[in-house]
Amino acid sequence: MPFVTTTDGTRIYYKDWGAGRPVVLSHGWPLNSDSWEAQQLFLAEHGYRAIAHDRRGHGRSTQTWNGNEMDTYADDLAALIEALDLRDVTLIGFSTGGGEVARYIGRHGTARVAQAVLVSAVPPFMLHTDDNPGGVPIEVFDGIRAGSAADRSQLYRDLADGPFFGLNRPGASVSQGTRDAFWRQGLQAGHRNAYESIAAFSATDFRADLDAFDVPTLVVHGDDDQVVPFEVGGKASAARIKGATLTVYAGAPHGITDTHKQQLSDDLLAFLRSF
């Protein structure tokens, strides 16, 4: 199994499929690189080197006690990119992974980056504060924390069976297997890692990171996203990133990597070919 070892000894697992210009895929909470497998396979089959890693504490990577915050996530991504000596990279981040991509650009710049994509992503800033009045109230995230501490297995079931894939909407249909995959991946994450990551995705302010974007950027978001609301996430990010292209999936939920997998794969390929 391929791993990159970071400066603090954390082993970051990654999958490296195909050959060509590199694409690096950063996953959401509480998932791992398996959540990208449809898009990773599609892009590898269409002439790209598609790489997806498990964030520290998630999947097959080390369940570290510390470092469960965005600065370290971004530095781990940098370690992967540098260890594989990737250049002209397209960085694609889903949900929490979008925050990881944003913080990478904010901390490490775009010398190795050709393009960026934010999919159902948490930037610019999810939390309601005095200077972010449209954000999500902290009580929502406190509820997720409480569920994680009390019975995280059931929390992941409830998310998969409800808002993540939009299954609490009339007419929605997502297979039991897809819902089970979400639950399985969630339980592969370390308990502390997944718990602390709730603050990482909800309370990290990425506005300055988005201001540092100077590469072509695609923002993809469903307008019925109940996890990262469209107005808070995709719409605000696209407005903040200079020259960004916003693609809205009408009626789509948060988990569009599964519910709209072919549409998303096609949109990613078209964007990659525009470079």
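Where does Asp85 lie? Asp85 lies in the loop between α2 (70-83) and β5. This is a predicted model, in which local features need pLDDT of at least 70, side-chain atom pairs count only at pLDDT 80 or more, and totals for chains, interfaces and linings use all residues. Residues are numbered from 1 along each chain as its sequence is written, and side-chain values use heavy atoms, with hydrogens and water left out.

**View 1. Asp85 and Asp88 in the loop between α2 and β5.** Helices (H or I, at least four residues) and strands (E, at least two) are DSSP runs, numbered from the N terminus. Asp85 is not a glycine, yet has a positive phi of about 50 degrees. Asp88, also in this loop, has a positive phi of about 50 degrees and is not a glycine either. Most residues other than glycine have a negative phi, and most peptide bonds are trans. Asp85 is partly exposed, with a relative accessible area of 45%. For Asp88, likewise partly exposed, the value is 41%. Buried means under 20% relative accessible area, exposed over 50%, and partly exposed in between (1.4 Å probe, protein chains only).

**View 2. The open sheet of 8 strands.** The order is β1-β2-β4-β3-β5-β6-β7-β8, with mixed pairing. Two strands pair if DSSP finds at least two bridges between them. β1 (3-5) and β8 stand at the edges with a single partner strand each, so one side of each is left without a neighbour in the sheet. Neighbouring strands are turned by 20 degrees against each other on average, direction ignored. Axes here are lines fitted to C-alpha atoms, for helices over the stretch in contact, and angles run from 0 to 180 degrees between N-to-C directions.

**View 3. Strands β5 and β6, with helix α3.** β5 (residues 89-94) and β6 (residues 113-119) run parallel, joined by 6 bridges. Gly93 has Leu118 in β6 as its bridge partner. Helix α3 (residues 96-108) packs on the sheet, touching β3 (21-26), β4 (48-53), β5 and β6. The direction of α3 makes about 140 degrees with that of β5. Contact means heavy atoms within 4.5 Å.

**View 4. The β-α-β unit of β7, α8 and β8.** β7 (residues 217-222) pairs with β8 (residues 245-249) in the parallel sense, over 5 bridges. Val220 stands opposite Thr247 in β8. With helix α8 (residues 234-240), the two strands make a right-handed unit. Right-handed means that, with the strands pointing away from the viewer, the path from the first strand over the helix to the second runs clockwise.

**View 5. Bent helix α4.** α4 (residues 138-161) has 24 residues, but its end C-alpha atoms are only 23 Å apart. A straight helix would reach 34 Å, the expected span being 1.5 Å times one less than the number of residues. α4 bends by about 130 degrees at Asp151. The bend is the angle between axes fitted to the seven residues ending there and the seven starting there. Buried residues of α4 include Phe141, Ile144, Arg152 and Tyr156. Their cover includes α5 (176-188) and α6 (191-203).

**View 6. Phe165 in the loop between α4 and α5.** Phe165 counts as buried at 3% relative accessibility. Beyond residues up to four places away in sequence, its contacts include Leu159, Ala160, Phe182 and Pro253.

**View 7. Two cis peptide bonds.** One joins Trp29 and Pro30, with omega about -5 degrees. Pro30 lies in the loop between β3 and α1 (37-45). The other runs from Pro123 to Pro124, with omega near 5 degrees. Pro124 lies in the loop between β6 and α4.
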